[in-house]
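Here are my notes on this one, point by point. Have the model open while you read.

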Amino acid sequence: MQKAWLYEENGPKEVLKLGDFPIPTPLHNQLLVQVRAAALNPIDSKRRQRPIFPSEFPVVPGCDMAGVVLEKGSSVTKFDIGDEIYGNIQDFNAEENLKQLGTLAELVVVEESLIARKPKNLSFEEAASLPLAVQTAIEGFKTAGFKEGQSIFVVGGAGGVGTLVVQLVKHLYGASYVVATTSTPKVEFVKKLGADKVVDYTKTRYEDINEKYDFVYDTIGDSKNSFVVAKDDAPIVDITWPLPNPRAVYSSLTVSGENLEKLRPYLESGKLKAVIDPTGPYNFGDIIEAFRYLETGRARGKVVISPFPSEHLPSSIPSESKNNVTSEMVRMDLKKIYVS
């Protein structure tokens, strides 16, 4: 058994408890990963609060993680034991139910197709903060059919998705003019991300904004109000469900390790940066407090969890010896550590 945060009924954050969960065995297309850092997302709270996705109890929440490969299935070809990887382990478009075992555990299994190698310049914490948020951000641009040279109005420029939307549209998608909203304490922060102009929503109403934009990207579910800054034929993308505005288009995400791999040059060059909320990282023992903060809606970037309680496992496998390590050797070590 391993340590994991889990819940056995839907409800508020207080239904979470630290308990024991079986160590999974990877299928032929999966890897067993020692989690070194994880990130929380609003979908983790929503899934816990009500049964929006079918799943058996107990449920271990969490989608995002970064860690080290400990074991791999027979058909895995892209990764080896000891590789440092990251990704979103929950494929929301898969026919099967979401995984019962999420990332708030010491050990998880994940399909090879959902992960990528961790960029060398990123910490585990930085890498863990990215997958679901950046996949969501990218999907919104695809949904809108955004073109280079267009203007954009980003609602919620300081949040987990918003911080990435601002960076992506400025440095990768070639927007001509980037405007984003945030609260007073975060105005300068959002400017540094790449916004040409920042609207302090505590001082300015949408109705008071004279300019109209080619694309409104609403990351906080306020499209019932923010739509007024869009040009008449401009797309309005909202990442929340149900949609608060019938004119808005819902944007989900495609969970793909290949998409993460395409971002590697931008991450390693520093054009795209991970943003971790300064209150964290939160210790593995402080999960309830981390969810409490996430659910205030005030996070700047992502709420990250680290370190994880795997002090008995090797923090890494030396590169010169990892090819000599077999899945059977790792499995035997795990039994010695966790089975007593």
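1. Contact means heavy atoms within 4.5 Å, while helices (H or I, at least four residues) and strands (E, at least two) are DSSP runs numbered from the N terminus. With that, helix 3 (residues 131-144) lies across strands 8, 11, 12 and 13, running at about 145 degrees to strand 11.

2. Keep in mind that this is a predicted model: local features need pLDDT of at least 70, side-chain atom pairs count only at pLDDT 80 or more, and totals for chains, interfaces and linings use all residues. Residues are numbered from 1 along each chain as its sequence is written, and side-chain values use heavy atoms, with hydrogens and water left out.

3. The open sheet has 6 strands in the order 10-9-8-11-12-13, with parallel pairing (two strands pair if DSSP finds at least two bridges between them). Strands 10 and 13 stand at the edges with a single partner strand each, so one side of each has no neighbour in the sheet.

4. Phe 153 and Tyr 213 are 60 residues apart, the former in strand 8 and the latter in the loop between strands 10 and 11. Phe 153 is buried at 0% relative accessibility (buried means under 20% relative accessible area, exposed over 50%, partly exposed in between; 1.4 Å probe, protein chains only). Tyr 213 is buried too, at 2%.

Key
Axes are lines fitted to C-alpha atoms, for helices over the stretch in contact, and angles run from 0 to 180 degrees between N-to-C directions.
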